[in-house]
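Keep the structure open beside the text and follow along.

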Amino acid sequence: MNPSTKIVRINVNARRTTLIDDLPTDILSSEILVRLPAKCIGVYRTVSKQWLSLLSSKNFILRHCRHISTSYKQMFFSVALFQSSVFPVTFDPSDYLPKTLIPLPTNTYWYDVRVLTSFDGLVCLSFRGTQKMILWNPLTHATKFVSSTLSRGRFKQKTVAVGLYVSPSNEYMLLHAKRRNGSMKLYKYSSRCDSWRKMGFVDERKYHNYKMSWSNGTFFQGVVYFIVKVDAAGMGNYLFGFHVDSDELKSKPKPATTNHDGDGSLVVVRNQLHMFVANSLPNWSLHLWRMDGENWTKIWVRQNILPPSLFGRTITYVVSTGKFLVVSRSGTVFEIDTTKNGIECYHLVFSESSIQGAVYTETLMSSDF
């Protein structure tokens, strides 16, 4: 061997550092980037034109939304005296809530806004003066004005209800139930086409009673559910479901409560539909029911307590705490803790004057999808 010859030994077992650029685009997108918070995605869009295109695609945004909606902490969007803000959902009164002030869309005054419902990071708002509605993403500030006429697309409290859902073709839709000329009408709005379409309604006359009040819709496994309360003693309450694949509104079985005049509110918990029912006299009580197929199973009850009125309120299950945040249309915000007994199972969380709001998860979703 020539003394001047260098011997180079290669360690075949040596680990090679994998660079981000070495990963296939589909793996990078579906296994790594889809797990990041929405705020981080906005930053990574500036890395390159390729990443901007990838992270702005409809396919990625939909997959990202489906992933983080069940894995990241929820946020609370609130509108109160002279300000609107967002902050993480928390229940410890001793904690400092780090609020982030955000401007309302179209520079609207706080007292002109109603917070109606939320879904997949989108919040549906209405304006008291014009009764018009918008779909709004509090993170990206993307805003979509819902087209309206005198007969549809306007929210008037106590005579209408709305529900947000996603169609089988991944299009965001707004369902609008409205009482007009003595009968109920049902319309659906396509955010992609910016157009309304009239749907069929249940024929039975009893479902058109002017004393009926509708809750806003809760979307679960292809059905938008509404609780309908009759403001007349002994008339009972109803549960309706709008099937998004067939565009049919059907009467649904409800929990077998002993008090037909009790207030109810729907909530999705760990991919199962539940209903809180608050019964009044003669036996004050609060019940939690779970839907199992076409039947309802009572899973929790607290007797001999004065329960809050639940109808017309939104209840959200908070994954990180296992508790329930209740937001009323008029401003009261409190929690329900099913691990506590008696009156301690619920207590006031926010006491700000005129507060209203909705729980949501930060996403990149746009109502144009």
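## Ground rules

Throughout this report, a residue is buried if its relative accessible area is under 20%, exposed if over 50%, and partly exposed in between (1.4 Å probe, protein chains only). This is a predicted model, in which local features need pLDDT of at least 70 and side-chain atom pairs count only at pLDDT 80 or more, while totals for chains, interfaces and linings use all residues. Residues are numbered from 1 along each chain as its sequence is written, and side-chain values use heavy atoms, with hydrogens and water left out.

Helices (H or I, at least four residues) and strands (E, at least two) are DSSP runs, numbered from the N terminus.

## Salt bridges across the chain

How many salt bridges does the structure hold? There are eight, where a salt bridge is a side-chain nitrogen of Lys or Arg within 4 Å of a carboxyl oxygen of Asp or Glu. One of them joins the side chains of Arg66 and Asp120, at 2.8 Å from N to O. These partners come from distant parts of the chain, 54 residues apart: Arg66 belongs to helix H4 (residues 58–68), and Asp120 to the loop between strand S4 (113–119) and strand S5 (122–127). Arg66 is partly exposed because its relative accessible area is 35%, whereas Asp120, at 14%, counts as buried.

Another salt bridge brings Lys323 and Asp337 together, with 4.0 Å between the closest N and O atoms. Here, too, distant parts of the chain are linked, 14 residues apart: Lys323 lies in strand S22 (residues 323–327), and Asp337 in the loop between strand S23 (333–336) and strand S24 (346–350). Lys323 has a relative accessible area of 22%, so this residue is partly exposed. Asp337, at 4% relative accessibility, counts as buried.

Asp247 is worth a stop of its own. This residue sits in the loop between strand S15 (237–243) and strand S16 (248–252), and has a positive phi, near 60°, in a residue other than glycine. Is Asp247 buried or exposed? With 18% relative accessibility, Asp247 counts as buried.

The side chain of Asp247 meets that of Lys188 in a salt bridge (3.0 Å, N to O). That pair links distant parts of the chain, 59 residues apart, with Lys188 in strand S10 (residues 183–190). Lys188 is buried because its relative accessible area is 13%. Through salt bridges that share partners, Lys188, Arg197 and Asp247 are joined into one network.

## A four-stranded sheet

Strands of a sheet pair through backbone hydrogen bonds, either parallel or antiparallel. In this model, four strands form an open, antiparallel sheet in the order S8-S9-S10-S11; two strands pair if DSSP finds at least two bridges between them. S8 and strand S11 (195–199) each have a single partner strand and stand at the edges, so one side of each is left without a neighbour in the sheet. On average, neighbouring strands of this sheet are turned by 25° against each other, direction ignored; axes are lines fitted to C-alpha atoms, for helices over the stretch in contact, and angles run from 0 to 180 degrees between N-to-C directions.

S10 and S11 run antiparallel and are joined by five bridges. Ser190 stands opposite Ser195 in S11. Asn170 is found in the loop between strand S8 (160–166) and strand S9 (172–180). Phi of Asn170 is positive, near 65°, in a residue other than glycine, and Asn170 counts as partly exposed at 32% relative accessibility.

Thr361 is placed in the segment after strand S25 (356–360) and, at 10% relative accessibility, counts as buried. What does Thr361 contact beyond its neighbours within four places in sequence? The partners are Ile68, Ser69, Lys73, Gln74 and Gly121, where contact means heavy atoms within 4.5 Å.

Ile102 lies in the loop between strand S3 (100–101) and S4, and is buried at 11% relative accessibility. Not counting residues up to four places away in sequence, Ile102 touches Phe77, Ser84, Ser85, Val86, Trp136, Pro138 and His141.
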